[in-house]
Structure formats: structure tokens, C-alpha cells
Amino acid sequence: MTKFSVKELIPASLRKLVPDKIKRTIKDKLIVKTPLEKDVALFILEGKRFTPPLSDFPPMVMIDTTTRCNLTCEHCPNSALSEVKDFLGDMEDDLVYKILDEIAREAPDTLTRLFNGGEPLMRKDLKDHIQYAREKGIKAVSINTNGTMLVKSRRQGIIEAGLTHIEVSVDAFTPETYLKIRKSTLFDRVVQNTLDFIQESKAHNPENQVTVSMVLQTDNRHEHEQFLAFWEPKVDHVYIREYHQHNANVDDHGLFKNHGNPRRHPCPFLWDRIIVNHDGMVRFCEFDWMGEHALGDAKENTLKEIWQGEAFTRLRESHVEGTFCHEFCKNCTDWRQINWNGMK
Ligand SMILES: C[S@@+](CC[C@H](N)C(=O)[O-])C[C@H]1O[C@@H](n2cnc3c(N)ncnc32)[C@H](O)[C@@H]1O
Ligand code: SF4
Ligand code: SF4
């Protein structure tokens, strides 16, 4: 695979502004969580040529168990796509279990996320999938949820089944803002469900992780600080997610972020995740909601075959070489929001 250089990404004039002594100090005191982060940091500091390391199996698998949802959030393509033929659907149980079996066999450390484009609690058997995954030895099983259906019986079900991480997408600090963004009057219920979940989940296993998130956008930006102040003492992580346009499926009140024209870096998605649509089509990008650029079919092939397959390899190469010639990536505006340190 061709290597690329940070020299092409960060102009030499900018790097020269940092004196060598400071670079050495930064390098010595560098706090990095993963070898990949270290590579990226050295790459930025020293302009070393670098090829992102590729694991044998995707570090993260997202399983789109359902695309159904009970909300119509203004920032989410789900609302618009619900009208589109073939968008809505549930994954067959056999396929869910086939994928979980492969993860357990190949790489039980894989972060296994039992949702993608819909609301995972729409499936009453969510807890069965979690339990199966955990009994098979998968270490990290997570969901993102809107929290509206996180009532006591459902909380108990998924906690006892062994869910290790939950992210509740709250997006607002007040009911008014919640109504604007999530088009729902259930703000107080979601907050209370989340607070109850924290207690119950930690009582079951103190290692369990709880995150709340806010997608930063025009209608909630003014509540950002209050949101952080309220949630930070209560949860393990508060995740302020940048707004994505999902390949022009949504945009924030007609606003497009103007990032100037930074040199483009390879997209971390291609090295960190694989997404299986409810119909089994395997895609490389979260923003390809309809799976129109699928690289394989999980019903026919293993995830490992697809991950290491020719199409995926060629796509990664086009990012490393800087051509970005794939028709979906070519026009993408969202790669700027996805960085190598905070892959989510
Ligand atoms: C598609 S939802 C599916 C899970 C669940 N229904 C929920 O709301 O958490 C997954 C995550 O994507 C986020 N999301 C949706 N549209 C987005 C956008 N335009 N930009 C950034 N994140 C977005 C949601 O806020 C949520 O945290
Ligand atoms: S963000 Fe989640 S809850 Fe909101 S419409 Fe999308 S899938 Fe549904
Ligand atoms: S560059 Fe854009 S379209 Fe391509 S994988 Fe990354 S986010 Fe998706």
C-alpha cells in the first residue's frame, strides 16, 4: 500500500513555526491511548511517512438490527428515508446470530454496536441479542438510543443481558429545544430514564459505561455549556458530536460549514468499522444509509472476507494515495468532522 506523508497535509511553513525543543517536549509528554494515536501524532510532529495500520478484523461492527424509529429528529436522515422503498426493515435473527458468531470467533474484543440507522429499542428481542453476544464471549456490546422507551422493564432486560455501554442521544438541555430537535415532548422522561439507567447499570456492574450525547447544531448551540455542566458529573462520557450532512441527506437549516480547503486526510471509517445493513449488505460508510455502495453481503460472505477483500483494499488505497476516487467519497463533506483521535 502506498504511504502518504503529513507533509502533504500540514504545510511545512506551519510545522516550522514549532521550535524543535517544543516538538521534543510534546513528543516526550505525548499522551496517547492507542498505538494508532501515537503514529498520527508523530506523523503530525515529524512529518513521518505513515500508513494507518489495518487490523485483521474490523475493530468496530455496527449491526443495523432495525431501521424503524419512533422519532423524527430534524438532524437525522432516518426521518426522510422512512418514506423510501426498502429503507425500513428488521434484520433476520439468523443473520444477527451469524454475525455475532463470527465476531465471537474472530475477535471478541470487537466493539459490537447493535444499532445503526434506527432505534434499537424498537426491537423487543434486543435483550436476546445482547445476551447471546455476551454468552458467546463478546466483550463490549453497546447501543445508542433515544431513551424514550428506556422504561424500567426494558432497562432491566438489557442490563441483565449484559449491555456494557449505552449512549443516550439527548441533544438538548430544555424541553423546548428537545421539541425543536427531536420533535418530541418526552424530554423529562428521557432525562429521568437516563438517570435511572445510570444507577441500575452501575449497580449491576460498575464497569458499565454510560454516555450522553448532543449533536451540535443551530437549535441547541446556546445550551451546550449547560448540557455539559448538568451531565458531566453524572455520566462516564459526554459526547458533543459534530453535525454530519450524511452525504447531503440533511443540513443544518441550510448551513454548510466552511472549513476552507484543508488538505484531505484518509477517512478513519475505513480502518475502524464495518456496517451491516438490516438486509445484510455491508457498507464502509455510516452515511450510505441505503447501502448503495455496499462492498459485500454478510449473508454470503464473512465480515473478515469483506474487510480484507479487494474492493475494501482498493478503497483504502485511494484514500492513502489521495485520489479519493470512489464516487461516494469523492463528494463527501463529512470526512472533515471525523478525526483519527476521536473515532465514533
Ligand atoms: C442514527 S441514531 C440511531 C440510534 C438512536 N435512534 C439514537 O437516536 O441514538 C445514532 C446517532 O446518530 C446521531 N445523528 C443523527 N443524525 C446526525 C447528524 N446529522 N450529525 C451527527 N450525528 C447525527 C444521533 O443523534 C444518534 O446519536
Ligand atoms: S437520531 Fe435516532 S431517534 Fe432520532 S430519528 Fe434518527 S434514528 Fe430516530
Ligand atoms: S470519506 Fe466520507 S463518504 Fe468516504 S467513508 Fe469517509 S465519511 Fe464516508
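Trainee: Why is Ala-248 called partly exposed?

Mentor: This is a predicted model. Ala-248 has 13 other C-beta atoms within 10 Å. A residue is buried at 20 or more such atoms and exposed at 12 or fewer. The count of 13 for Ala-248 lies in between, so Ala-248 is partly exposed.

Trainee: What makes Asn-247 buried?

Mentor: Asn-247 has 20 other C-beta atoms within 10 Å. Since the term buried requires 20 or more, Asn-247 is therefore buried.

Trainee: Where is Asn-247 placed, and what is noted about its phi?

Mentor: Asn-247 belongs to the loop between S8 and H11, and Ala-248 is found in that loop as well. Asn-247 has a positive phi of about 50 degrees although it is not a glycine. For Ala-248, phi is near 70 degrees, again a positive value in a residue other than glycine.

Trainee: Why are such values worth noting?

Mentor: Because most residues other than glycine have a negative phi.

Trainee: What is the secondary structure of the chain, and which order do the strands of the open sheet follow?

Mentor: The chain comes to 14 helices and 11 strands. An open sheet of 9 strands has the order S8-S7-S6-S5-S4-S3-S9-S10-S11, with mixed pairing.

Trainee: What makes S8 and S11 the edge strands?

Mentor: Strand S8 (237-241) and strand S11 (296-297) each pair on one side only. Helix H9 (residues 187-204) packs on the sheet and touches strand S6 (165-169) and strand S7 (209-215). The direction of H9 makes about 155 degrees with that of S7.

Trainee: How do you know that S3 and S4 count as paired?

Mentor: Strand S3 (residues 60-63) and strand S4 (residues 111-113) run parallel and are joined by 3 bridges. At least two bridges are required, so S3 and S4 count as paired. Within this pairing, Met-62 stands opposite Arg-113 in S4.

Trainee: Why is Ile-275 called buried?

Mentor: Ile-275 has 25 other C-beta atoms within 10 Å. The term requires 20 or more, so Ile-275 is buried. Leaving aside neighbours within four places in sequence, Ile-275 is in contact with residues including Met-62, Asp-64 and Asn-116.

Trainee: Which residues have the most contacts inside the largest nonpolar core?

Mentor: That core has 62 residues, and those with the most contacts inside it include Val-61, Ile-63, Ile-99 and Leu-303. Beyond its neighbours within four places in sequence, Ile-99 is in contact with Val-61, Ile-63, Val-276, Ala-298 and Leu-303.

Trainee: Which residues of helix H6 are buried, and what covers them?

Mentor: In H6 (residues 126-135), Leu-126, Lys-127, His-129, Ile-130, Tyr-132 and Ala-133 are buried. Their cover includes helix H5 (93-106), S4, strand S5 (140-145) and helix H7 (152-161). H6 is followed by Gly-137, whose phi is positive, near 105 degrees.

Trainee: How do the residues of the shells around ligand 2 and ligand 3 divide?

Mentor: The shell around ligand 3 divides into 11 nonpolar, no polar and 1 charged. Among its residues are Cys-267, Phe-269, Cys-285 and Asp-334. Helix H11 (269-272) and helix H14 (327-330) each supply at least two residues of that shell. The shell around ligand 2 divides into 4 nonpolar, 6 polar and 1 charged; its residues include Cys-69, Cys-73, Cys-76 and Glu-119.

How values were computed:
Residues numbered from 1 in each chain as written. Chains lettered and ligands numbered in written order. Predicted model: local features only at pLDDT ≥ 70, side-chain atom pairs only at ≥ 80, totals over all residues. Near = placed C-beta within 6 Å. Nonpolar A, V, L, I, M, F, W, Y, C, P; charged D, E, K, R; others polar. Helix = DSSP H or I, 4+ residues; strand = E, 2+ residues; numbered from the N terminus. Contact = placed C-beta atoms within 7 Å. Axes fitted to C-alpha atoms, helices over the stretch in contact; angles between N-to-C directions. Core = buried A, V, L, I, M, F, W, Y, C linked by C-beta atoms within 7 Å.
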